[in-house]
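Student: Could you pick one part of this model and take me through it closely? I'd enjoy hearing how it connects to what lies around it.

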Amino acid sequence: ARPSGSSLSSVILWGPPGTGKTTLAYLVARGSGRRFVELSAVTAGVKDVRAVVSDARRRLAAGEETVLFIDEVHRFSRSQQDALLPSVENRWVTLMAATTENPSFSVVSPLLSRSLLLTLRPLDAEAVRRLIDRAVADERGLAGTVSVDDDAREQIVRMAGSDARKSLTVLEVAAGAVLAGDGRPPVGTGRAADEQEAPVVTLEDVEHAADVAAVRYDRAGDQHYDVVSAFIKSMRGSDPDATLHYLARMIAAGEDPRYIARRITIHAAEDVGLADPTVLSTAVAVQQAVALIGMPEAQLVLAEAALAVATAPKSNAVT
């Protein structure tokens with residue numbers, strides 16, 4: 001049985017990394033008095049999903065509802081996503097699934113039709129600045145053990161883009177290095193900020209922290225988004241050499257060529273647009289060619305389309 005007052009709908013959260021999808025799901029669960037269970041589609045399988053649902057059904061009989069949060073739901077296969085349908089239809093759990101890819105391509109239609117789709121927009125620079133300042137001052141963060149100068153803060157904002165998680169990662173690494181060099185206890189030891197003047201995180205500290213925090217590109221990790229972003233910016237900035245560099249890194253890492261083709265097509269309209277409408281035709285043809293040919297030959301097709309966008313005149317008139 002399901003409590004008659006339950007009205008929370010299953011939700012798919014679609015947005016770029018670091019915009020708060022997991023946090024939002026947790027707040028919904030906490031605010032509605034439900035139990036929060038998190039699974040990652042990278043590591044979980046059908047067996048894990050069924051175990052959580054089975055436990056949720058037992059708890060539901062006792063009046064306790066469950067929010068099941070599945071991160072990276074687009075990494076679930078069709079059969080794994082289908083396994084979620086009975087629990088969603090019968091309201092055994094309230095599903096909150098997060099994805100960074102277009103759900104129309106990555107989520108099965110039955111699951112999509114039974115869920116509310118919410119699109120999270122990228123954070124702007126001012127939001128990331130506020131987050132950094134809050135992390136420096138808050139007791140749950142650095143608790144005032146360091147301060148961050150303006151140049152360092154702006155560098156973190158530029159590096160993070162719209163990714164709040166990345167900004168916090170770089171800040172934490174930089175602060176940890178500064179505190180270690182200052183001879184103070186590491187972050188989280190509860191040292192009062194006013195015992196002595198807090199050391200300052202500088203631009204140099206942030207740049208060093210970025211090197212330490214960076215990991216080799218892996219399509220299953222956060223660095224995936226950095227490389228994709230750099231690829232897009234290279235096409236937009238009319239830099240064919242950089243475009244090929246980042247394209248090669250994605251291909252070498254095993255990125256889905258269909259995903260790359262979709263990104264190229266989007267920017268053929270967004271960045272080139274009416275300045276050269278034939279580029280969009282080229283990009284659409286590349287999507288078809290990738291599907292027909294496959295890898296490794298399709299890498300040449302992808303390169304042609306990416307270079308077409310990179311070397312074409314630019315116009316954002318369509319936007």
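Tutor: Buried here means under 20% relative accessible area, exposed over 50%, and partly exposed in between, with a 1.4 Å probe and protein chains only. This is a predicted model, in which local features need pLDDT of at least 70 and side-chain atom pairs count only at pLDDT 80 or more, while totals for chains, interfaces and linings use all residues. Residues are numbered from 1 along each chain as its sequence is written, and side-chain values use heavy atoms, leaving out hydrogens and water.

In α15, the buried residues are Ala298, Val301, Leu302, Ala303, Ala305, Ala306, Val309 and Ala310. Helices (H or I, at least four residues) and strands (E, at least two) are DSSP runs numbered from the N terminus. The 14 residues of α15, 298-311, reach 20 Å from first C-alpha to last, close to the 20 Å expected at 1.5 Å a residue (1.5 Å times one less than the number of residues).

Now to leucine 84, in the loop between α3 (78-82) and α4 (85-89). Leucine 84 counts as buried because its relative accessibility is 0%. Beyond its neighbours within four places in sequence, leucine 84 is in contact (heavy atoms within 4.5 Å) with Val49, Leu68, Ile70, Phe76, Leu95 and Leu111. Arginine 50, 34 residues away in sequence, has its C-alpha 8.3 Å from that of leucine 84.

Finally, strand β2 (residues 35-40) has Arg35, Val37 and Leu39 on its covered face, with Phe36, Glu38 and Ser40 on the uncovered one. In β3, valine 67 is the bridge partner of phenylalanine 36.

Methods:
Two strands pair if DSSP finds at least two bridges between them.
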